[in-house]
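This report concerns the salt bridges of one protein model. The sequence and structure are shown first.

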Amino acid sequence: MKKALISVSNKTGLLDFVKQLITFDYEIISTGGTYKLLSENGIPVKMIDEVTGFPEIMDGRVKTLHPKVHGGLLCLRNNDRHIAQAKENSIDMIDMVVVNLYPFKETIAKENVTLEESIENIDIGGPSMLRSAAKNHLFVTVICDANDYPKVIEEIKSHGDTSFETRQQLAAKVFRHTAAYDATIAGYLSDRLGENEPENFTITFTKKQSLRYGENPHQKACFYAGKPQGFSMAFAQQLHGKELSYNNIQDGDAALNIVKEFMEEPVMVAVKHKNPCGVGIGKNVLEAWQRCYDADPVSIFGGIVATNQTIDEHTAEAMKNVFLEIILAPKFTEKALEILSAKKNIRLMTFEVSRKNEDKNVMLSVNGGLLVQEADHATIQDYEFNVVTEKTPTESEMNDLLFAMKVCKHVKSNAITLAKEMRTVGVGAGQMNRVGAAHIALEQAQKAGFTKGLVLASDAFFPFDDVVRMAHQYGVTAIIQPGGSMRDEDSIKACNELGISMIFTGKRHFRH
């Protein structure tokens, strides 16, 4: 008679699975809550201490950590010495292990969870049994995921046992599972200790979906999710439309990061190729949309838009004739959803407006390595404002300057953002020099008819006064930038000469 050791916290599908094993002449061994469930449902099951001859102790912390368990799992059935030692020590073979682990990830996600509760949900015996069984997958079938029950049952039914190929696949899955589990624990404890540069950087993500392709059709791609948080494409809910693409997800993430800068004012953000092409603030969501659209009605075509407001019927009517890939909002009214859903392919998605579990680091892969840096969560409250010119910005200019800098922070460097009346009117992104970025933004504003009373934000300092002089020609009256150039005085002098006010913030927002 073969033996299966079963101990699971997630009992989905367990009863049907075990009943099938019984018909295949398996003896069932179990622990704690799993034993209770099986026995209460009339399934013949043996308690683990009947196998070990040793009681569960220390509040269940020690129950399966025993030679009669791990000897039965690790014994090589084709090794005479192993078999002899097993007989000498009255160790029976265990042919299958079905284990999933204490819900550590779910525990630490709870509000106000204590360190003691978190520690008690670190599973020790479970990973040990899984690893022993996975190591000896030449002989032992190991299952850590209820989704694998049907495949295992089908193979036993058809062939009398699982195939080596299946056991190897299940073993690999187990090691991925335990690695992710340990990485989650390590991350939690490291965060509590404030470890900023650990000697080993281990993170874990769970597969959310396969993607049709990556940036280009010849590249395969997949989307993984980490810990739940707000303003996240990984945890946004899709209500309508075709499957997301790799580039959609990147653009959606960029849009949500800009929306996150505006927690109070109604804002609408349009993004193309991870850069904002239009951002507008209004008294309501409809006005915010109109300002966003008017900022660049050409580039928004085929773009992704996001807002921090509920999309209502009137806004949906205004948006429906514009080709958009995705609309992201905290909520859609029933009528708005009906109007926009008439377009078959558009993705309509909701997200949570929350800063909980906000990532403290951002990561970038390079060949053979990973760059990790602290996320740029600096806000206007962190700026050291210094009016460095003779002229001081007016109240309306100051509002536009702060708005422009919030947007500029999310534009690829070199970055220049122009604004007027709480909307962008020009964006220069990703240029090899700052004057080139300024020229793109200024030309865009001029073509749209914005030629007076503009403000300009720069993500980094001006190395020369050329941007100031060019900006004046296009109607810029106020500038905000971090300062810090060896030639800051040249730009200050040019501003004073041309009647432009300029503020230094002391914070650079370079986005490479």
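A salt bridge is a side-chain nitrogen of Lys or Arg within 4 Å of a carboxyl oxygen of Asp or Glu. The model is predicted, so local features need pLDDT of at least 70 and side-chain atom pairs count only at pLDDT 80 or more, while totals for chains, interfaces and linings use all residues. Residues are numbered from 1 along each chain as its sequence is written, and side-chain values use heavy atoms, with hydrogens and water left out.

A search of the whole structure finds 21 salt bridges.

| Pair | Closest N and O atoms |
|---|---|
| Lysine 3 – glutamate 27 | 3.5 Å |
| Lysine 356 – glutamate 352 | 3.6 Å |

Aspartate 459 lies in the loop between strand S19 (454–458) and helix H17 (466–473), and arginine 434 in helix H16 (residues 434–447); the pair links distant parts of the chain, 25 residues apart. Helices (H or I, at least four residues) and strands (E, at least two) are DSSP runs, numbered from the N terminus. Both aspartate 459 and arginine 434 are buried, where buried means under 20% relative accessible area, exposed over 50% and partly exposed in between (1.4 Å probe, protein chains only).

Lysine 3 forms a salt bridge with glutamate 27. Because lysine 3 is in strand S1 (residues 2–7) and glutamate 27 in strand S2 (residues 26–30), this pair ties together parts that are 24 residues apart in sequence. Both residues, lysine 3 and glutamate 27, are buried. A network of salt bridges links Lys3, Glu27 and Lys46.

Lysine 356 counts as partly exposed because its relative accessibility is 41%, and glutamate 352 counts as partly exposed at 40%.
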